[in-house]
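Please walk through the structure shown below one part at a time, beginning with the make-up of each chain and ending with the way the chains meet.

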Amino acid sequence: MIAPGTAQGVLAGRSRSATAGRVRADLWHRTRQWLFDAIGLAVAAVMLFPIYWMVATAFKPGRDILTLTPKWFPAPITLQNFQDAIARPFFLDDVRNSLVIVGVMLVLALTIAFFAAVGTARFGFRGRTAFLVMIIGVQMVPLIALIIPLYLMLDAVGQVDSLAGVIAVYLALVLPFMVWTLRGFVANIPAELEEAGMIDGCSRVGAFLRITFPLVGPGLVATAIFGFIQAWNEYIIAYVLLSSPGNQTLTVWLASFTTNHGPQWGPLMAGATLTGLPVVAFFLILQRYLAGGLTAGAVKG
Amino acid sequence: MATAIAADIESASGSFSGSRRLSMRLLPYALIGPSVVVIGGILGFPLAMLVWLSLQHYGLRELIAHTGEWVGLQNFQAILADPLFHEVVVRSLLFTSACVSLTIVLSTLIALLLLRVSPVVRGVVMSALVFVWATPVIVTVDIWQWMFDYEFGVINYLLTQLHLGNFIHHNWFDNPVQGLGVIVLVVVWGAIPFVTITIFAGLLQVPSDVVDAAHVDGAGAWQRFWYVTAPTLKPIFLIVTCLSTIWDFGVFNQIYVLLNQRPSSDYFTIAIYSYRESFGVTQYGLGAAIAVVMVLILVVVTLFYVRETVKVAEIA
């Protein structure tokens with residue numbers, strides 16, 4: 001039996017040492033947190049440095065670029081490199097080619113992919129599973145292996161060195177992923193919404209156009225951005241298929257920069273910044289679209 | 001369900017003819033038709049043509065005449081007897097395993113770190129990863145080429161300043177082992193964002209009460225990761241490893257552009273070799289045979305991962 005007083009003393013003593021322990025644990029905890037945060041920031045800095053270095057170089061005057069001791073910050077700032085890059089032969093031609101290829105390809109791809117998405121999300125039919133397996137399986141084939149037959153095929157129909165050939169290849173390149181993603185977006189919109197519209201007097205097509213189609217909007221935007229990024233960044237197909245400099249795309253222009261002009265790092269980094277800019281911008285938009293629940297709350301229960 | 005209601009409405013009104021119903025049945029085929037034509041024609045057909053080409057002698061003369069000359073398995077015999085091809089396959093496998101293992105280990109470490117940092121730092125790291133992810137490959141290759149420039153490159157300066165040796169006017173691409181090391185670095189740096197974000201998303205799904213229970217039972221940090229977290233994440237690890245293997249085995253742009261579009265044979269991986277044989281020396285049949293071998297190796301690797309994934313799914 002322990003007397004009440006003793007018990008109290010023991011409790012008090014315990015709590016005193018516990019407080020000291022908690023302070024120590026707290027300190028250790030805070031130091032550890034600080035350490036993790038420092039490592040995290042270091043990782044971010046190492047990952048971002050190359051991109052920073054591209055932008056910084058692009059804004060430096062030539063004499064600040066070719067220094068044995070690097071200048072860490074671009075001061076003074078100049079736009080000369082950007083002017084040089086834009087004034088280079090074929091830069092504007094190749095920007096236009098990239099835009100034409102991506103634009104035409106996207107219109108075709110979105111239309112075709114949307115049809116297939118509706119077909120697989122809204123109808124059960126024989127061969128549906130086979131079609132979906134093909135969509136997934138075909139993405140496993142490395143594109144680099146298909147370049148030889150693609151080249152010979154387009155050569156046979158006289159579409160080598162033409163934008164149309166590249167558009168066709170890019171279309172096939174982005175289509176499987178687009179169909180798959182859009183299918184998910186369409187399937188997420190409850191068919192009950194359409195049925196409600198039909199009960200209220202819409203025709204089947206009308207219900208689809210007025211109810212489902214607007215709700216798929218964000219899905220179309222997201223897949224379009226994905227297709228844009230894929231096609232805008234593609235290099236090897238465009239390099240093999242498009243031989244004349246006025247017909248090439250921006251990535252081909254950029255990749256042959258050092259080979260054709262010697263290492264002129266300022267204009268090259270300016271060109272690289274200009275090429276990467278639209279992609280980064282679209283990527284940031286894409287993130288938001290993919291994150292949000294699109295039809296959350298449209299139908300209850 | 002929409003179909004069922006539509007059918008109800010149709011039968012109730014009774015004014016729809018059989019041909020209308022038939023066209024309803026054909027509608028889904030019409031909807032997927034264009035996709036089938038495009039994918040079949042521009043991916044499926046070339047894949048079949050690749051196999052056919054690998055059995056032909058197809059050089060410049062045949063290219064102009066648009067017909068090959070049937071040689072059976074001679075192209076495959078030729079590449080199997082070619083010592084350079086053996087070297088290329090071994091180099092590709094080593095290169096791929098270096099890239100994949102470094103990518104997975106570093107990404108896992110960063111993902112685990114992301115669990116521990118404060119929300120602000122997590123946001124900063126995530127933004128950095130997204131920026132790297134978004135930057136086009138050709139752009140990143142140009143940046144790294146500039147950073148590794150032998151004369152004014154910032155890497156040589158930093159390494160010299162850190163007293164890791166004298167790197168002034170050091171050309172990294174003179175020595176293929178160093179050069180391939182640089183290429184591995186470029187590939188891994190570009191691959192880390194996707195893999196890290198995927199693994200981090202998986203880590204968030206690991207039930208924290210199980211990890212806590214292991215902690216209470218006296219498991220150390222390493223044991224908790226190895227026996228609790230890693231097995232839960234196994235499907236995700238399998239998927240990212242499989243995808244990384246497919247991507248890194250086919251690496252072309254990084255090697256080709258970093259070496260100014262003229263890589264020496266010391267830098268040939270299977271993708272570059274196939275490209276060289278076909279477009280460099282116009283031996284399309286040989287190039288196609290090499291590409292077929294590449295696809296076959298990838299099929300074997302992918303099947304292994306798929307089998308493992310199915311096994312995991314059966315256990316779960």
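Chain A is built from 13 helices and has zero strands, so that its elements, read from the N terminus on, follow the order α-α-α-α-α-α-α-α-α-α-α-α-α. The model is a predicted one, with an ipTM of 0.85 and a pTM of 0.85. Of the 301 residues in chain A, 38% are buried, and if one takes the contacts in this chain between residues at least 6 apart in sequence, 75% of them join residues at least 24 apart.

Chain B has a secondary structure of 15 helices and two strands. Its buried residues amount to 34% of 316, and among the contacts in chain B between residues at least 6 apart in sequence, 65% link residues at least 24 apart. As for its overall form, the C-alpha atoms of chain B occupy a box of roughly 90 × 70 × 35 Å along the principal axes, and the radius of gyration of chain B is 26 Å, whereas a compact globule of 316 residues would have one near 20 Å. The domain assignment divides chain B into domain 1 (2-53) and domain 2 (82-315), and the C-alpha centres of these two domains of chain B lie 41 Å apart.

The average pLDDT of chain B is 87, and 93% of its residues score at least 70. Among the elements of this chain, helix H5 (residues 83-116) of chain B has the highest mean pLDDT, 94, while helix H1 (residues 2-13) of chain B has the lowest, 46. Over residues 1-16 of chain B the pLDDT stays under 50, and for this stretch the model has 12 contacts beyond four places in sequence. Where pLDDT is low, the predicted coordinates should not be read in detail.

Further along chain B comes helix H14 (residues 270-280), which is largely enclosed by the rest of the structure because eight of its 11 residues are buried. The buried residues of H14(B) are Ile270(B), Ala271(B), Ile272(B), Tyr273(B), Ser274(B), Tyr275(B), Glu277(B) and Ser278(B). After H14(B) comes Thr282(B), which has a positive phi, near 45°.

Where the two chains meet, 70 residues of chain B are in contact with 79 residues of chain A. On the side of chain B that touches chain A, the most residues, 16, come from helix H2 (residues 18-53) of chain B, and the residues of that side comprise 53 nonpolar, 14 polar and three charged.

Which residues of chain B does Ala172(A) touch? Leaving aside residues up to four places away in sequence, Ala172(A) touches Val38(B), Ile39(B), Ile42(B) and Leu43(B).

Technical notes
Residues are numbered from 1 along each chain as its sequence is written. Chains are lettered from A and ligands numbered from 1 in the order in which they are written. This is a predicted model: local features need pLDDT of at least 70, side-chain atom pairs count only at pLDDT 80 or more; totals for chains, interfaces and linings use all residues. Two residues are in contact if their C-beta atoms, placed from the backbone, lie within 7 Å. Helices (H or I, at least four residues) and strands (E, at least two) are DSSP runs, numbered from the N terminus. Ala, Val, Leu, Ile, Met, Phe, Trp, Tyr, Cys and Pro count as nonpolar, Asp, Glu, Lys and Arg as charged, and the others, Gly among them, as polar. A residue is buried if 20 or more other C-beta atoms lie within 10 Å of its own, exposed if 12 or fewer, and partly exposed in between; C-beta atoms are placed from the backbone. pLDDT is the predictor's confidence in each residue, from 0 to 100. Domain bounds come from an automatic or database domain assignment. The radius of gyration is taken over C-alpha atoms; the globule rule is 2.2 Å times the number of residues to the power 0.38.
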